[in-house]
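Could you look over the points below with the coordinates open beside you? They are arranged by place in the chain and by kind of interaction.

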Amino acid sequence: MINILGEVSRMDFNICLFDDFETLDVFGPVEIFGRLPEVYDLKYFSLDGGIMESRQKTKIVTEPIAQVKPDGIFMIPGGQGTRSLIHDDQFMKQITEIAEQSYFCITVCTGSALLAKTGLLKNRRATSNKLAFDWVKSIDTEVDWIPNARWVVDGKFYTSSGVSAGMDMSLGFVSDQFGLEKAQQVANQIEYIWNANKNDDPFAR
């Protein structure tokens with residue numbers, strides 16, 4: 001991040017994992033933010049720590065979420081696991097506190113349902129996976145859900161549509177922080193065709 005002196009300062013990039021998270025929701029953004037090791041320290045957390053397994057059976061070692069430092073970036077992916085987690089009071093309490101205190105909070109896919117459940121998106125603009133859009137909207141009808149957006153920025157909150165949209169949002173975040181040229185450079189490094197228009201999600205049609 002850029003501090004008041006115009007210098008780049010390091011920041012923890014805290015990734016919240018849970019069983020049945022969607023693999024690309026996490027590792028698409030990880031590929032992008034991992035290209036900026038001078039800025040972001042990528043860290044993986046879950047409620048109690050230990051090994052979390054994605055929907056596609058990828059296993060990741062995590063630390064307990066209580067160890068998250070509150071002044072970093074907090075990322076919540078989506079996946080089938082979100083359906084039960086919105087009813088897990090202990091989990092919701094933890095992510096509410098972290099999302100409140102984090103410098104930025106970003107979600108991919110149905111991760112926005114979890115963020116909506118915290119109440120922090122009330123009267124804010126947000127989006128989510130279009131195939132799960134009706135369910136996500138039902139979590140909090142006081143959110144201004146944007147059906148056609150690839151990703152949405154409202155204050156410190158970034159929310160994206162489904163799965164691969166997390167990569168588009170991540171490049172958008174890099175562009176917001178470091179400029180369009182830097183984001184395009186990262187996209188070129190990973191040979192990714194960036195959907196750079198956040199207001200147009202082709203999968204919303």
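The numbered points that follow concern a predicted model.

1. Pro29 sits in helix α1, which covers residues 23–33. With a relative accessible area of 1%, Pro29 falls under the 20% cut-off and is therefore buried. Beyond its neighbours within four places in sequence, Pro29 is in contact with Leu24, Gly34, Met75, Val108, Gly166, Met167 and Ser170. Pro29 and Ser164 lie 135 residues apart in sequence, while their C-alpha atoms are 9.0 Å apart in space.

2. In helix α7 (residues 180–189), the buried residues are Ala183, Val186 and Ala187. Viewed down the axis of α7, these buried residues fall within an arc of 100°, so they line one face of the helix. Helices α1 and α6 (165–178) are among the elements that cover the buried residues of α7. Glu191, which follows α7, has a positive phi, near 50°.

3. Strands β9 (residues 151–154) and β10 (residues 157–160) run antiparallel and are joined by four bridges, with Val153 standing opposite Tyr158 of β10. The two strands form a hairpin with two residues between them, and Gly155 in the turn has a positive phi of about 65°.

4. The salt bridges number 13. One of them joins Arg10 to Asp41, with the closest N and O atoms 2.1 Å apart. This pair links distant parts of the chain, since Arg10 belongs to the segment before β1 (11–16) and Asp41 to strand β2 (residues 40–46), 31 residues apart. Both partners are partly exposed, Arg10 at 47% relative accessibility and Asp41 with a relative accessible area of 26%.

5. Asp20 forms a salt bridge with Arg55, where the closest N and O atoms are 3.4 Å apart. Here too distant parts of the chain are linked, Asp20 lying in the loop between β1 and α1 and Arg55 in the loop between β3 (50–53) and β4 (59–64), 35 residues apart. Asp20 is partly exposed at 27% relative accessibility, and Arg55 is partly exposed with a relative accessible area of 43%.

6. How is the salt bridge between Asp140 and Lys122 placed in the chain? The closest N and O atoms are 3.0 Å apart, and the pair links the loop between α5 (133–139) and β8 (144–145), which holds Asp140, to the loop between α4 (111–117) and β7 (125–126), which holds Lys122. Asp140 is buried, with a relative accessible area of 6%, whereas Lys122 is partly exposed at 36%.

7. Lys130, Arg150, Asp168 and Asp201 are linked to one another in a network of salt bridges.

Key:
Residues numbered from 1 in each chain as written. Predicted model: local features only at pLDDT ≥ 70, side-chain atom pairs only at ≥ 80, totals over all residues. Heavy atoms only, no water. Buried < 20%, exposed > 50% of the residue type's maximum accessible area, 1.4 Å probe, protein only. Contact = heavy atoms within 4.5 Å. Arc of directions from axis to C-beta. Pairing = 2+ DSSP bridges. Salt bridge = Lys/Arg side-chain N within 4 Å of Asp/Glu carboxyl O.
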